[in-house]
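Good morning, and thank you for making time for this item.

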Amino acid sequence: MGKNRFGSFFLRKARSADRKLDQWLSYQIDKYTFSFRTADVNNYVKRIGGGYRGSDAEWQTVQQYWKRFGIMPKRIWYALYCNELGSYDPRFIPDPIWFHDIIPHYNNKNMASAYADKGLYNRIITGVKKPETVVKKMADHYYNGDGEQIITREDAEKRCMGEDHLIFKPSGGSKGAGILFYDRENKDSMTIPSILDSMGGGFVAQRIVKQHSDLARLNPGTLNTIRMISFHFKGEVHVLSAQLRIGNANARVDNYSAGGSAVAVKPDGWLHEKAVNHDMEWVDTTPNGIKLKEVRVPNYQGITDTVKRLHCQLPYFNILGWDFAAGEDGTPIMIEFNTKPGQNQIGGKEPTFGDLTDEVLEDVFIKKNHPRNR
Ligand SMILES: Nc1ncnc2c1ncn2[C@@H]1O[C@H](COP(=O)(O)OP(=O)(O)OP(=O)(O)O)[C@@H](O)[C@H]1O
Ligand SMILES: [Mg+2]
């Protein structure tokens, strides 16, 4: 073997080891970033008294289903997902498979962090109403609301202080973490300079969205948003599922982790009977006594059509989780999109891919035909 060929042999080996290390690291990071830590799942299942326990024979049908994809799913996920159903449906996707196999198959991870910047939404996504942004900071630089003009910190302070109420959101935030509110008339509110000091190098400062009265009345203190999962598959965008998130009475964001609850939305916009909260309790009324099944999401069809249309603007991601508000007149308002959304399977009570499950699993585990979007 000549010197050069010898060198390139080792270079190839080193690159392959580097890739494997990269994959392993990313797997470990994901494990600690997402909500499928074994300890969390065990806790959830404990809270619901052990969850669904089907017979061993019934469990074997689940194992049989997954065998042809070379997967041995863990029973605990079915104890969790099938608890409300009272029978096993093998098409439920355990979260580790969703986050480690399905999302990486359909979404381009390398493109994800740039697209996650909320400060860039006005350039990335067009043709939809979004919250009004007053000031933003990107890469440690202050900008005006549309990002066309570099401004000074003093100017940023002045613009923010001219507002009665603002929400400050970290650019790449998730689960409502790091969000701060400003209320000029409230003497307990943080001041604008202290908020700007604590927000870090990337954030958006937005006016508070005014929402439709049908959703405001469920919990007037939070913007109650619709989380919709869309899937670009074989030339068509499918809306897989949708949930309405309702904020906790003491919170200002509707996220699960802030005590919010989630209720599945039927295709005609009416809510299912029960919502589930972070403590895995199922409730059929809001804290202020409104029966969930008597509520219909305003302009649900409009939100669905908008999501299908907007998904086309994001070719690198075939699975997306969208947060939408319904404006006062029902206009869909895009709050954010997620390229690594959680599934809606608990609150939704339905397998993520429904009738498409077989085709999807064949794609991911048998044909392994990655979309060539890398
Ligand atoms: N402009 C706004 N006005 C009022 N409330 C808002 C506004 N923007 C966001 N919120 C509230 O804060 C929540 C979190 O906002 P957003 O979805 O942008 O951030 P996130 O932390 O990335 O959440 P996720 O976990 O969904 O990724 C929203 O679901 C909504 O309840
Ligand atoms: Mg969100």
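This is a predicted model: local features need pLDDT of at least 70, side-chain atom pairs count only at pLDDT 80 or more; totals for chains, interfaces and linings use all residues.

Residues are numbered from 1 along each chain as its sequence is written, and chains are lettered from A and ligands numbered from 1 in the order in which they are written.

The domain assignment gives domain 1 (16–107), domain 2 (109–117 + 211–360) and domain 3 (133–206); such bounds come from an automatic or database assignment. Taken over C-alpha atoms, the centres of domain 1 and domain 3 are separated by 39 Å.

Let me turn to the sheets. Helices (H or I, at least four residues) and strands (E, at least two) are DSSP runs, numbered from the N terminus, and two strands pair if DSSP finds at least two bridges between them.

One open sheet has five strands in the order β2-β1-β5-β3-β4, with antiparallel pairing. Its edge strands, each pairing on one side only, are β2 (141–144) and β4 (180–183). On average, neighbouring strands of this sheet are turned by 15° against each other, direction ignored. Angles run from 0 to 180 degrees between N-to-C directions, with axes fitted to C-alpha atoms, for helices over the stretch in contact. Strand β1 (residues 133–138) joins β5 (residues 203–206) in the antiparallel sense over four bridges, and Lys137 has Phe203 of β5 as its bridge partner. Helix α8 (residues 153–161) packs on this sheet, touching β1, β2, β3 (165–170), β4 and β5, and its direction makes about 150° with that of β1. Contact here requires C-beta atoms, placed from the backbone, within 7 Å.

The other open sheet has seven strands, ordered β10-β9-β8-β7-β6-β11-β12, again with antiparallel pairing. Its edges are β10 (282–283) and β12 (332–338). Within it, β8 (residues 261–265) and β9 (residues 271–277) pair over four bridges, with Val263 opposite Ala275.

Which residues have the most contacts inside the largest nonpolar core? They are Tyr78, Ile226, Met228, Val265 and Phe324, in a core of 58 residues. A core is a set of buried Ala, Val, Leu, Ile, Met, Phe, Trp, Tyr and Cys residues joined through C-beta atoms within 7 Å, buried meaning 20 or more other C-beta atoms within 10 Å. This core draws at least three residues from each of domain 1 and domain 2. Apart from it lies another core, of 11 residues, including Val135 and Ala205.

Methods: Two residues are in contact if their C-beta atoms, placed from the backbone, lie within 7 Å. A residue is buried if 20 or more other C-beta atoms lie within 10 Å of its own, exposed if 12 or fewer, and partly exposed in between; C-beta atoms are placed from the backbone.
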